[in-house]
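Here is a short walk through one protein model.

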Amino acid sequence: AQAYKHMCNSMESQVVMVVGEPGSGKSQAARHVVDFLNMASSPPEIEDKLGSLHDLLAPFISRRVIPEGSHDRVSAGSGWSSTKGIPMVSLEFDADQFICGVRVNLFGLELGSLSSAVAEDERTFDVFYALLRGADEELDQSLDLISGSDFYCTRVEEDDGDEGAFMAMTRGMEQIGLSDGERLDIFRVLAGVMHLSNITFSTVDGNVEANADAVTVAAEVLQV
């Protein structure tokens with residue numbers, strides 16, 4: 001609130017930086033900052049889009065940390081989502097101090113979490129589990145998620161909150177104006193990564209070969 005007030009009075013750009021230890025609530029704190037500014041200064045055409053920003057972005061850059069000693073399948077209220085990147089949300093204001101533009105930059109996304117989490121029997125990025133739990137039958141079939149339901153990259157069981165995360169994510173996509181085709185392209189890439197995780201390699205007569213079935217399915221889903 002003080003930063004917004006100072007911006008309005010001085011007409012100078014302000015920076016709000018949220019820092020803290022892992023699991024301390026940085027992402028939620030940042031969400032509250034954006035929600036406050038959205039409530040205080042967003043016109044109707046911006047408010048819904050900005051309000052859906054967290055639900056849209058979070059699954060792509062976070063993975064739920066399962067408490068040590070718990071069962072594979074956890075409830076929506078247990079654990080926490082650990083953000084594996086540094087999002088920077090830039091809000092642009094017009095002369096009347098209303099939000100007129102939003103830009104999101106992502107730095108330092110820990111793509112290595114995809115492989116390291118699997119190796120340590122931990123969850124990978126939440127978006128993969130959200131797609132598995134939330135996709136309807138038609139989407140399941142088009143991305144061949146049914147036949148590959150036990151993907152190597154999602155070996156740890158889904159969370160009870162994954163289906164809700166998928167619904168919130170797709171609502172966010174609709175709010176920012178992504179078409180059905182654009183949303184399908186995003187889901188296709190995600191499913192392609194999941195199918196690629198099932199590719200294994202073996203040595204046959206001195207040659208390294210990949211299992212053909214997994215390669216074929218991944219290529220079909222990615223349309224390459």
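What follows moves from overall features to one helix contact.

This is a predicted model. Start with the parts list. The protein has 10 helices and 6 strands. Its C-alpha atoms fill a box of roughly 75 × 40 × 35 Å along the principal axes.

Next, consider burial and surface. The protein has 224 residues, and 33% of them are buried. Its accessible surface is about 13200 Å². Carbon and sulfur atoms account for 53% of that surface.

Contacts can also be sorted by distance along the chain. Take the contacts with a separation of 6 or more. Of these, 60% join residues 24 or more positions apart.

Now turn to one helix pair. Helix 8 covers residues 162-175, and helix 9 covers residues 180-196. The two pack at an angle of about 140°, and their axes lie 10 Å apart. Why do helix 8 and helix 9 count as oblique to each other? Roughly antiparallel requires an angle over 145 degrees. The angle here is about 140°, so helix 8 and helix 9 are oblique to each other. The crossing of helix 8 past helix 9 is right-handed.

Which residues make this contact? Helix 8 supplies Phe166, Met169, Thr170, Met173 and Glu174. Helix 9 supplies Arg183, Ile186 and Phe187. Sorted by class, the contact of helix 8 with helix 9 has 5 nonpolar residues, 1 polar residue and 2 charged residues.

Terms used: Residues numbered from 1 in each chain as written. Predicted model: local features only at pLDDT ≥ 70, side-chain atom pairs only at ≥ 80, totals over all residues. Heavy atoms only, no water. Axes fitted to C-alpha atoms, helices over the stretch in contact; angles between N-to-C directions. Helix = DSSP H or I, 4+ residues; strand = E, 2+ residues; numbered from the N terminus. Parallel < 35°, antiparallel > 145°, perpendicular 65-115°, else oblique. Left-handed = near helix turned anticlockwise from the far one by under 90°. Contact = heavy atoms within 4.5 Å. Nonpolar A, V, L, I, M, F, W, Y, C, P; charged D, E, K, R; others polar. Buried < 20%, exposed > 50% of the residue type's maximum accessible area, 1.4 Å probe, protein only. Areas by Shrake-Rupley, 256 points an atom, 1.4 Å probe, with all protein chains shown as cover.
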